[in-house]
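Colleague: I'd like to learn how to read a helix and a hairpin in a model. Can you walk me through one?

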Amino acid sequence: MLDKLIKYFVYETKGYITKTQLIKFLYLADLYSVKWTGKQLTELDWYYYNYGPWHEDIDVALNKMNGKEIIQESHSNTTLIKLGAEAVSSDDLELPVSLKLVLDNIKREWAGSDKLNQLLAYVYSTAPMLEVKDIHKPDEKVRLNLQTEREKLISELGL
């Protein structure tokens, strides 16, 4: 599922997405899935590392696709993820309509270089991040508990 989610976000942004945005989009997709269903979309054990959510398998997946479905281009401190020669339509990924709606909402809300600071502020204010970011150093690798977002929702709903 990780590969499909990466491709979906890259294809739907027409290749105008940074690696930072992509990682945050993937985190939010997993977080929202846990929040509403109790289950993640991916198999990633998310970590707080270098100020944000992270997992090394994202780099592995990106490197495997690089030069095919996607192209990674480094510019200063930013890595752009563009469409590769083997990119197809997001419809070819055969994702359920309900999942596409969630992913499209993430893209619509947070895509674009002008929204990066808002995206970062939002991600850093999610329950799993708040639980660890003030008590751990950025260079520590600390597991994030995505279930805390679901627990927050259940508490807010009074269930």
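Modeller: Let's start with burial: buried means under 20% relative accessible area, exposed over 50%, partly exposed in between (1.4 Å probe, protein chains only). In α4, the buried residues are Leu99, Lys100, Leu103, Asp104, Ile106, Lys107 and Trp110. They sit on the same side of α4, because they cover an arc of only 155° around the axis, taken from the directions from the helix axis to the C-beta atoms. Bear in mind that this is a predicted model, where local features need pLDDT of at least 70 and side-chain atom pairs pLDDT 80 or more, while totals for chains, interfaces and linings use all residues. Residues are numbered from 1 along each chain as its sequence is written, and side-chain values use heavy atoms, without hydrogens and water.

Colleague: Which exposed residues does the face of α4 turned away from its buried side carry?

Modeller: That face has Val97, Ser98, Leu101 and Arg108. Over the buried residues you'll find, among others, α1 (2-12), α2 (19-37) and α5 (116-124), with contact meaning heavy atoms within 4.5 Å.

Colleague: And how are helices and strands assigned?

Modeller: They're DSSP runs, numbered from the N terminus: helices are H or I, at least four residues, and strands E, at least two. Two strands pair if DSSP finds at least two bridges between them. Here β4 (residues 70-75) and β5 (residues 78-83) run antiparallel, joined by 6 bridges.

Colleague: What stands opposite Ser74 in β5?

Modeller: Thr79 does. Ser74 itself counts as exposed, because its relative accessibility is 60%. In the hairpin, with 2 residues between the strands, Ser76 takes a positive phi near 55°.
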